[in-house]
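Q: I would like a close look at one side chain and its surroundings. Please keep it brisk.
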Amino acid sequence: MKNWIIFSVVFILSLSLVISVFVFWKADAPFSDIEQKAEQFAMDTKALAVVEDSYVYNGNKPYVTVFGVDEYGKEKAIFVPMSLDENSMQEVFLADGITKDEALKRFRNETAAKEILHTKLGFEQPGPVWEITYISESGSLNYVYLIHEDGQWWKRILNL
């Protein structure tokens with residue numbers, strides 16, 4: 001009887017683990033799919049010669065930010081709209097603005113954060129911006145945006 005109980009518990013835990021992994025994998029599939037399409041689109045349009053990284057950025061309009069190197073060896077980010085419309089695509093040379101580390105340094109100089117959740121480069125109304133999402137000391141969710149070109153504060157969304 002003891003062996004049946006142990007078997008049942010191990011089986012239920014294993015089944016729960018497998019189902020959880022499957023659900024998380026399926027939930028991430030749409031993001032992976034659009035990222036792959038955006039990476040291929042950036043290469044097909046000759047905006048990038050080599051793709052290094054990409055992620056989805058949800059601002060006023062959703063974009064996939066694709067990082068890479070162009071045919072001249074310059075690092076840049078391409079902002080590919082979800083519609084994969086070449087006319088709506090934006091780009092920025094990374095050397096023409098502040099880096100992720102510089103954006104975080106400017107953020108830390110002015111703001112106390114309990115935990116930084118992520119830092120993403122995205123495209124908004126003023127152009128390329130660094131979005132920093134963090135949890136404040138009081139436990140609230142906050143977003144701050146720094147303009148990529150010069151690191152100036154653009155917008156703050158606090159205490160969500």
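Does Ile 12 count as buried or exposed, and at what relative accessibility?

A: Ile 12 counts as exposed, because its relative accessibility is 52% (exposed is over 50%, buried under 20%, partly exposed in between, with a 1.4 Å probe and protein chains only). The model is predicted: local features need pLDDT of at least 70, side-chain atom pairs need 80 or more, and totals for chains, interfaces and linings use all residues. Numbering starts from 1 along each chain as its sequence is written, and side-chain values use heavy atoms, without hydrogens or water.

Ile 12 sits in helix α1, residues 2-44 (helices are DSSP runs of H or I, at least four residues; strands are runs of E, at least two; both are numbered from the N terminus). Ile 12 also belongs to a nonpolar surface patch of about 1,000 Å².

Now compare helix α2, residues 100-110. Its buried residues are Ala 103, Leu 104 and Phe 107. Seen down the α2 axis, they fall within an arc of 95°, so they line one face of the helix. On the other side, Asp 101, Lys 105 and Asn 109 are exposed.

Next, the strands. An open, antiparallel sheet runs in the order β5-β6-β7-β8. Edge strands β5 (113-124) and β8 (153-157) each have a single partner, so one side of each lacks a neighbour in the sheet. Ten bridges join β5 to β6 (residues 127-136) (pairing takes at least two DSSP bridges). Thr 119 has Ile 132 of β6 as its bridge partner.

Methods
Patches are made of residues with over 30% relative accessible area and no salt bridge: like charges are joined within 9 Å, nonpolar side chains (Val, Leu, Ile, Met, Phe, Trp, Tyr) within 5 Å. Accessible areas come from the Shrake-Rupley method with a 1.4 Å probe; for residues, only the protein chains shown count as cover. A salt bridge is a side-chain nitrogen of Lys or Arg within 4 Å of a carboxyl oxygen of Asp or Glu. The arc is that of the directions from the helix axis to the C-beta atoms.
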